[in-house]
Amino acid sequence: EDGAIVRCSRCKAYINPFVKFLDDGDRWACSLCGFAQETRPSYRCPLDERGRRLDLEHRPELCFGSVDHIATGEFMSRPPQDPAFVFVVDVSFDAVASGLVEAVVGGMRQAIESGRMQGGDRARLGIITFDSAVHFYRFGAAGGGAPSRVVVS
């Protein structure tokens, strides 16, 4: 339970920077539905004189609007899917002329070839480019099929 993700027992919202801690940290009120509930013992922490947790800097879920968690079985309704990455690149005249496109493509190549992207060979990759239109690209499976592009104006 120590690593379990804290959620509101009424609306199932995740704990976040906007919850209010009450009774010296023994309870907390959900920022979405307002329901006040007990703070589980492993998550409890005393509050300072302003009502802020003393361990705030060690709780990213209470400091940032977005936090990645590794989902445990209780959060999964199906097996994990292969990771997917979509690169969206500005290919307007100014982006090409400034060298931005060349730098971005170099970064994409480095990320792909480094082998450090999550999922390794299972990872799925998408590329979208845009200027005055949006360009979607389709690549065949490893070694098969010619690439194609769909342009949406």
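Aspartate 82 is partly exposed, at 38% relative accessibility, where partly exposed lies between buried (under 20% relative accessible area) and exposed (over 50%), with a 1.4 Å probe and protein chains only. The model is predicted, so local features need pLDDT of at least 70 and side-chain atom pairs count only at pLDDT 80 or more, whereas totals for chains, interfaces and linings use all residues. Residues are numbered from 1 along each chain as its sequence is written, and side-chain values use heavy atoms, with hydrogens and water left out.

## Salt bridges

Side chains of opposite charge can pair when their charged atoms come close. The structure contains 9 salt bridges, each defined as a side-chain nitrogen of Lys or Arg within 4 Å of a carboxyl oxygen of Asp or Glu. Three of these pairs are set out below.

| Pair | Closest N and O atoms |
|---|---|
| Aspartate 82 and arginine 122 | 2.9 Å |
| Arginine 44 and aspartate 26 | 2.2 Å |
| Arginine 109 and glutamate 113 | 3.6 Å |

Aspartate 82 forms a salt bridge with arginine 122. Aspartate 82 belongs to the loop between E3 and E4, and arginine 122 to the loop between helix H2 (100–113) and strand E5 (124–130), so this pair ties together parts 40 residues apart in sequence. Helices (H or I, at least four residues) and strands (E, at least two) are DSSP runs, numbered from the N terminus. Arginine 122 is itself partly exposed, at 47% relative accessibility.

Arginine 44 forms a salt bridge with aspartate 26. Because arginine 44 sits in the loop between strand E3 (36–38) and E4 while aspartate 26 sits in the loop between E1 and strand E2 (27–29), the pair ties together parts that are 18 residues apart in sequence. Arginine 44 has a relative accessibility of 32% and counts as partly exposed; aspartate 26 has 32% and counts as partly exposed.

Arginine 109 and glutamate 113 both belong to helix H2, where they are 4 residues apart, about one turn of the helix. Arginine 109 is exposed at 55% relative accessibility, and glutamate 113 is exposed with a relative accessible area of 61%. Elsewhere, a network of salt bridges links Arg53, Asp55, Arg59 and Glu61.

The largest nonpolar core has 11 residues: Val6, Cys8, Ala13, Ile15, Val19, Phe21, Trp28, Cys30, Tyr43, Leu47 and Leu62. Such a core is a set of buried Ala, Val, Leu, Ile, Met, Phe, Trp, Tyr and Cys residues joined through side-chain atoms within 4.5 Å. Apart from neighbours within four places in sequence, phenylalanine 21 is in contact (heavy atoms within 4.5 Å) with residues including Ile15, Trp28, Tyr43, Leu47 and Leu62.

Asparagine 16 lies in the segment before strand E1 (20–22) and counts as buried, at 16% relative accessibility. Leaving out residues up to four places away in sequence, asparagine 16 touches Ser31, Glu61 and Leu62.

## Nonpolar surface patch

Val86, Val88, Phe130, Val134, Phe136, Val150 and Val152 form a nonpolar patch on the surface, with about 560 Å² of accessible area together. Strand E4 (84–90), strand E6 (134–138) and strand E7 (148–152) are the elements that give two or more residues to the patch. Patches consist of residues with over 30% relative accessible area and no salt bridge; nonpolar side chains (Val, Leu, Ile, Met, Phe, Trp, Tyr) are joined within 5 Å, and like charges within 9 Å. Accessible areas come from the Shrake-Rupley method with a 1.4 Å probe, and for residues only the protein chains shown count as cover. Phenylalanine 136 lies in strand E6 and is partly exposed, with a relative accessible area of 36%.
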